There are 4 protein chains.
Amino acid sequence: MSDSLDDLRIRLSAFAQARNWGRFHSPKNLTAALAGEAGELVSVLQWREPTDALLERDRARLEDEMADVLIYLVRLADVCGTDLVEIANQKVDRNESRFPA
Amino acid sequence: MSDSLDDLRIRLSAFAQARNWGRFHSPKNLTAALAGEAGELVSVLQWREPTDALLERDRARLEDEMADVLIYLVRLADVCGTDLVEIANQKVDRNESRFPA
Amino acid sequence: MSDSLDDLRIRLSAFAQARNWGRFHSPKNLTAALAGEAGELVSVLQWREPTDALLERDRARLEDEMADVLIYLVRLADVCGTDLVEIANQKVDRNESRFPA
Amino acid sequence: MSDSLDDLRIRLSAFAQARNWGRFHSPKNLTAALAGEAGELVSVLQWREPTDALLERDRARLEDEMADVLIYLVRLADVCGTDLVEIANQKVDRNESRFPA
């Protein structure tokens, strides 16, 4: 995993440990938390047209929710012992075969 | 953004461009796609107890969905001009103030 | 559709029409709105154990989100011309074949 | 609750009981299952424009997912002892105050 995403992983692990929150961070609970943030993310633009220019207030809300999604995704991968960037690249490898340019 | 997450961002952008898929990748559409993958992710463990050990077949499905979530998240951040790791670190900064250890 | 669910459908249609919100209520937008509420619903119990007794404050939040999910689901079915209870019963018919008791 | 939605509730309860699935149907697990189906629902139209006419194959997929969302919502309300249509109507009452026509 990249250094700075790995730095984030280490930071989030220490954050959870310092608050004794590790006991809540089972894979199941983290998938629920991530789905909750993904729900907030999709709600930001629910009444917008795809062709609408992005409003500044929408961008700020999107970024807040994107941050939360990444945080729970990095925690989930960490407790599963998964290298996120590696599995994403493997998926893109498969997608390149499935969907030739 | 970290080098290797940035490599993934560049790879995904080229992948979309080579297939003329950029026209589908509006922020709104990408939030819907991400929410769809988050739904698949949360469904993997829906009937499991949080205390259950992770089955290998569940882990494989989780990793497949984690990869998809990261792919759409990186695409969404890219089309919004957002640095994912930076906004996540800013969010953790705020969380450290909100939730003292 | 049942009379009282049908009453709700008619009420929601009139509510949207009185506010000129029908133009926002495309199937695509309503699926995004429903996914947003489903995200809020799943977040209510994200740190709870499945075996935990339901806290009163959690029940109140669940009911608030259940109401929102039903509202968007009834609107979505209405704009699609779908009879919700009928399609659910057809699905249960199929599930009874797929999963014999 | 309306007769036919109540018929569906009773049917689903019997279906779960006949398969000894009630033990899986905690509120937490049902919210995860519902979020999973909502994710599938939002993914159906993820690359469509809101103004696109609904394709028949999309309608069939939407209806399949709408059925699943209703099924889990009715089960969740049942295990929580909640009258779905009543709480939805109470929410519309509040929305009528919040958003005057």
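Student: What makes 58 residues from chain B and 58 residues from chain A part of the contact?

Tutor: Contact means heavy atoms within 4.5 Å, and by that criterion the contact takes 58 residues from chain B and 58 residues from chain A. This is a predicted model, in which local features need pLDDT of at least 70 and side-chain atom pairs count only at pLDDT 80 or more, while totals for chains, interfaces and linings use all residues. Side-chain values use heavy atoms, with hydrogens and water left out.

Student: How do you know what area chain B and chain A bury between them?

Tutor: Buried area is the accessible area (1.4 Å probe) that two parts lose on being put together, summed over both; for chain B and chain A this comes to about 4900 Å², with 69% of it on carbon and sulfur atoms. Arg11(B), Lys28(B) and Met66(B) supply 14% of the area that chain B buries against chain A, more than any other three residues.

Student: Why is the pair Lys91(A) and Asp64(B) called a salt bridge?

Tutor: The term requires a side-chain nitrogen of Lys or Arg within 4 Å of a carboxyl oxygen of Asp or Glu. The closest N and O atoms of Lys91(A) and Asp64(B) are 3.1 Å apart, so the pair meets the 4 Å limit. Between chain B and chain A the count is ten salt bridges.

Student: How do you know how the two copies are related?

Tutor: With copies superposed by least squares on the C-alpha atoms of residues with pLDDT of at least 70 in both, chain B can be laid on chain A with an RMSD of 0.0 Å by a turn of 180° and a shift of 0.0 Å along the axis. The two copies are therefore related as by a two-fold rotation axis.

Key. Residues numbered from 1 in each chain as written. Chains lettered and ligands numbered in written order.
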